[in-house]
Amino acid sequence: MNALSLPDGRRIPLDKDGYLRSLDDWSIEVAGTLANNENISLTDAHWEIIHLVQQFYEETGLAPATRALVRLVAQRAGPDKGRSIYLMKLFGGKPALTVSKLAGLPRPANCF
Amino acid sequence: MKISLLIMSAPGENQSNQSALSFARAALDAGHEIYRLFFYEQGVGTGTNLAVVPQDEYDLRAAWQELIQQHDLDAVVCVASALKRGLLNEEEAERYERPAANLAKGFTISGLGQWVDACIHSDRLVSF
Amino acid sequence: MSKTRSITLLIKQAPYGSSKAKAALDMALSAAVFEQNVQLIFMSDGVFQLLPDQQPAGILAKNTSAALTALPLYGIESVYVDAESLQQRNLSLDGLAIDVESVSTEQLATLIHESDVLVTL
């Protein structure tokens, strides 16, 4: 079975596409290791966005789609960060999908 | 006229799935074009190839399949509706490690974007 | 997808007891993501979706109404409620979870008439 190997040796079960099988497995270390697998090294700038998305999910039950993510970040972290170019620099070509994955949100059914 | 259908009820659940089929046939007979059939919510139950209908009852699913193949219709089942109701094609069965695929021939699985696209490219969207 | 359509969702079902509330929400958000003009009208028992502080965990359901606060973020600004439906259920505009515009039955008819696409859920 596909698994994520954490620095402390624990193995976290993943599905075929690299999503967590159980969302309860999410932790800061898990997020960091998932990010490393996508060649992202998490900094405070990343965490600011991840926390925003987790908070948004807590409030609404939604994982924000691209344009909504940009607006959300603009509203809560300022207009200089609420731009797709800023988010793509942090999280790559599909920031909304990647942030949701790193934040431990449910896997979207509609991923294409 | 270019028409798309939004079908939200399963065969046998109530009258509406059968009405949709009759409407589609009538529209084609009258010379209209059907741009897309979009199956949503319980409507995705139309696309299973595992249902067994008593021999003295009308098999709506077989009739849909025949119509779709005969007129080469674009028949899309909503992926989110389909997954949670246990309707999968080979690709989704493999992705989610399920033991079988049961999507009937002629149907494809895709997102609500295909419904939006149907709204944009049809003169009318008729929902059932 | 270049053309823009005005898509109206007429929301008539209570938030729980069926999957219609979630179905309407998914449609609204998808249409908004593809930059269509989305208009929501809450009517009949659909107005119960607008009540704040819903706690459906006890019936093993997810709170889909919570997502309504995110509508502006998705560019959905046209949200209406049928005044008569509110009144019949002894509800008032200021007790609702989000800002909506109260409209009369005649105004509703006009809104629907002017839409390209109508889906009732």
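This is a short tour of a predicted model, chain by chain.

Local features here need pLDDT of at least 70, side-chain atom pairs count only at pLDDT 80 or more, and totals for chains, interfaces and linings use all residues. Residues are numbered from 1 along each chain as its sequence is written, while chains are lettered from A and ligands numbered from 1 in the order in which they are written.

**Stop 1: chain A, domains**

Select 3–37 of chain A. That is domain 1. Now select 44–102, which is domain 2. These bounds come from an automatic or database domain assignment.

**Stop 2: chain A against chain C**

Show chains A and C together. The contact takes 9 residues from chain A and 10 residues from chain C. Two residues are in contact if their C-beta atoms, placed from the backbone, lie within 7 Å.

Stay on the chain A side. Colour helix 2 (44–60) and helix 3 (66–77) of chain A; these are the elements that give two or more residues to the side touching chain C. Helices are DSSP runs of H or I with at least four residues, strands are runs of E with at least two, and both are numbered from the N terminus. Helix 3 of chain A supplies the largest share, 4 residues.

Next, colour this side of chain A by residue class.

**Stop 3**

Trace the chain along its sequence: the pattern reads β-α-β-α-β-α-α-β-α-β. The radius of gyration of chain B is 14 Å, close to the 14 Å that the globule rule gives for 128 residues, so chain B is as compact as a globular protein of that length. The radius is taken over C-alpha atoms, and the rule is 2.2 Å times the number of residues to the power 0.38.

Along the principal axes, the C-alpha trace of chain B spans about 45 × 40 × 25 Å. Of its 128 residues, 44% count as buried. Buried means 20 or more other C-beta atoms within 10 Å of a residue's own, exposed means 12 or fewer, and partly exposed lies in between, with C-beta atoms placed from the backbone. Among contacts in chain B between residues at least 6 apart in sequence, 78% join residues at least 24 apart.

**Stop 3: C:Leu51**

Centre on C:Leu51. It sits in the loop between strand 2 (37–42) and strand 3 (78–82) of chain C. C:Leu51 counts as partly exposed because it has 15 C-beta neighbours inside 10 Å. Leaving aside residues up to four places away in sequence, C:Leu51 touches C:Leu96 and C:Ala97. Draw a C-alpha to C-alpha distance from C:Leu51 to C:Ala97: 5.5 Å in space, across 46 residues in sequence.
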